[in-house]
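Work through the following exercises with the sequence and the coordinates open beside you.

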Amino acid sequence: MIEARIEGARKLGEIGSAVRRAGHDRTILKHLERRIRGYLPELRTALRQSAADTLPHRGGFGRLVATKSSYRVSVRRGVSTAGVDVVISRKTPHGTAYLRALDDRGAVRHPLWGNRKHWYNQTVAPGFASRVVDGPAADEFTRQTLDAIDDTYREAFGGL
């Protein structure tokens, strides 16, 4: 699992706290989360393209990671834990794929020709997701997310 965090979401915690304290209708929070999740497709496309381009083509590994991984947005509204995470994970028939090691160190562990009794380590270029998370697609996702939080903050607090 790989997580990319958006910093500067202090207002998100304040919104969640204010709505809980005042007993407001939670539709404002649901609308905000729906809006934030609506920005994910562009970032997901960039992440998939990076995996397909960067990871080994032979055997279809890059295509496999690009198409079989799940990409989701997690919105946390707690006062001290507020934030938005983009989470990339991939389940396999034998457990969870270690995408963080793949992205951080470029480490891949695989069986030789499908023989699950003999596993081997392979090194690939690290950073297939980090490059995207630190790049223009993620910058746009972050900008749109913070704009949505600011708009909701103004709506919740009456223009403050």
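**Exercise 1.** Are H2 and H7 roughly parallel or roughly antiparallel to each other?

*Solution.* Before starting, note that this is a predicted model, in which local features need pLDDT of at least 70 and side-chain atom pairs count only at pLDDT 80 or more, while totals for chains, interfaces and linings use all residues. Residues are numbered from 1 along each chain as its sequence is written, and side-chain values use heavy atoms, with hydrogens and water left out.

Step 1: helix H2 covers residues 27-37 and packs against H7 at an angle of about 165°, the axes being 9 Å apart (axes are lines fitted to C-alpha atoms, for helices over the stretch in contact, and angles run from 0 to 180 degrees between N-to-C directions). Step 2: H2 and H7 are therefore roughly antiparallel to each other, the term for angles over 145 degrees. Step 3: the crossing of H2 past H7 is right-handed, that is, the near helix is turned clockwise from the far one by less than a right angle. Step 4: on the H2 side the contact (heavy atoms within 4.5 Å) is made by Ile-28, Leu-32, Arg-35 and Ile-36, and on the H7 side the residues include Phe-141, Thr-145 and Ala-148. Step 5: by class, the contact of H2 with H7 divides into seven nonpolar, two polar and four charged residues.

**Exercise 2.** Which element gives the largest share of the lining of the largest pocket?

*Solution.* Step 1: the largest pocket has a volume of about 1,100 Å³. Step 2: 33 residues line the largest pocket, and those closest to its centre are Phe-61, Val-108, Arg-109, His-110 and Pro-111. Step 3: the elements that give two or more residues to this lining are helix H4 (61-68), strand E5 (95-96), helix H5 (99-104), strand E6 (107-112) and strand E7 (115-123). Step 4: the largest share, six residues, comes from E6. Step 5: by class, the lining has 18 nonpolar, 10 polar and five charged residues.

**Exercise 3.** With which residues is Phe-61 in contact, leaving aside its neighbours within four places in sequence?

*Solution.* Step 1: Phe-61 lies in helix H4. Step 2: apart from neighbours within four places in sequence, Phe-61 is in contact with Leu-55, Pro-56, Leu-102 and Val-108. Step 3: the C-alpha atoms of Phe-61 and Ala-51, 10 residues apart along the chain, are separated by 9.0 Å.

Notes:
On a 1 Å grid over the protein atoms alone, a cavity is a set of points where a 1.4 Å probe fits but cannot get out, and a pocket is an open set with protein on both sides within 12 Å along at least five of seven lines; lining residues have an atom within 4 Å of a point. Grid points are joined across faces, edges and corners, and a volume is the space filled by probe spheres set on the points. Helices (H or I, at least four residues) and strands (E, at least two) are DSSP runs, numbered from the N terminus. Ala, Val, Leu, Ile, Met, Phe, Trp, Tyr, Cys and Pro count as nonpolar, Asp, Glu, Lys and Arg as charged, and the others, Gly among them, as polar. Angles under 35 degrees count as roughly parallel, over 145 as roughly antiparallel, 65 to 115 as roughly perpendicular and the rest as oblique.
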